Amino acid sequence: QSINAIKCNGELPDFTTDTLVVNCHHNYVQKEFHFGKEIFVTRKGAVRASVGALGIIPGSMGEKSFIVRGKGNPQSFESCSHGAGRIMSRTQAKKHFSLEHHIEKTKDVECRKDADVIEETVGAYKDINNVMKSQEDLVEILYTLKQVVCVKG
């Protein structure tokens, strides 16, 4: 849909691709059918992991990320985590980590390396490997991505 909108504005030349695009939201409410009832499911920091649904599960700024396929586990309302998840608040991270730590931990990643992004640094989030291990019943890992660029929005 996004590509078609850009094409309609004349901003994108015609092209074809066989590239797979993964687009998943991680903060939303949606009406779904679970356990024999139509209900509203709120996913805050979670993505849909219905059978075959593709998703992205990012690690922290300097860690790997994953492209996954949902397994449709009904016990999780067909959901999985959106990412590593914080182990400390933004305020705690700003107090705990130094700019030097951030620069060292993101040395192989093209990203901002200033004090205004310290709260997003490696160490402020859970270990993505443990997160993925804990949701093996929710998703299948299709691809592991190495971070080379990280843009903080």
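1. Helices here are DSSP runs of at least four residues, numbered from the N terminus; in this predicted model, the loop between helix H3 (99–105) and helix H4 (128–134) contains Thr106.

2. Thr106 has a relative accessible area of 0% and is therefore buried, the cut-off for that class being under 20%. Leaving aside residues up to four places away in sequence, the contacts of Thr106 are with Met61, Gly62, Cys111 and Lys113.

3. As to the sheet, three strands form an open arrangement in the order E4-E5-E7, and their pairing is antiparallel. Because strand E4 (54–57) and strand E7 (139–145) stand at the edges and each has a single partner strand, one side of each is left without a neighbour in the sheet. With direction ignored, neighbouring strands of this sheet are turned against each other by 30° on average.

4. The pairing of E4 with strand E5 (residues 65–70) is antiparallel and rests on four bridges; within this region, Ile56 has Ile67 in E5 as its bridge partner.

5. Turning to the pockets, the largest pocket has a volume of about 450 Å³, and 19 residues line the largest pocket, with Pro58, Gly59, His82, Glu120 and Tyr125 lying nearest its centre.

Technical notes
Residues are numbered from 1 along each chain as its sequence is written. This is a predicted model: local features need pLDDT of at least 70, side-chain atom pairs count only at pLDDT 80 or more; totals for chains, interfaces and linings use all residues. Side-chain values use heavy atoms; hydrogens and water are left out. On a 1 Å grid over the protein atoms alone, a cavity is a set of points where a 1.4 Å probe fits but cannot get out, and a pocket is an open set with protein on both sides within 12 Å along at least five of seven lines; lining residues have an atom within 4 Å of a point. Grid points are joined across faces, edges and corners, and a volume is the space filled by probe spheres set on the points. Two strands pair if DSSP finds at least two bridges between them. Helices (H or I, at least four residues) and strands (E, at least two) are DSSP runs, numbered from the N terminus. Axes are lines fitted to C-alpha atoms, for helices over the stretch in contact, and angles run from 0 to 180 degrees between N-to-C directions. Buried means under 20% relative accessible area, exposed over 50%, partly exposed in between (1.4 Å probe, protein chains only). Contact means heavy atoms within 4.5 Å.
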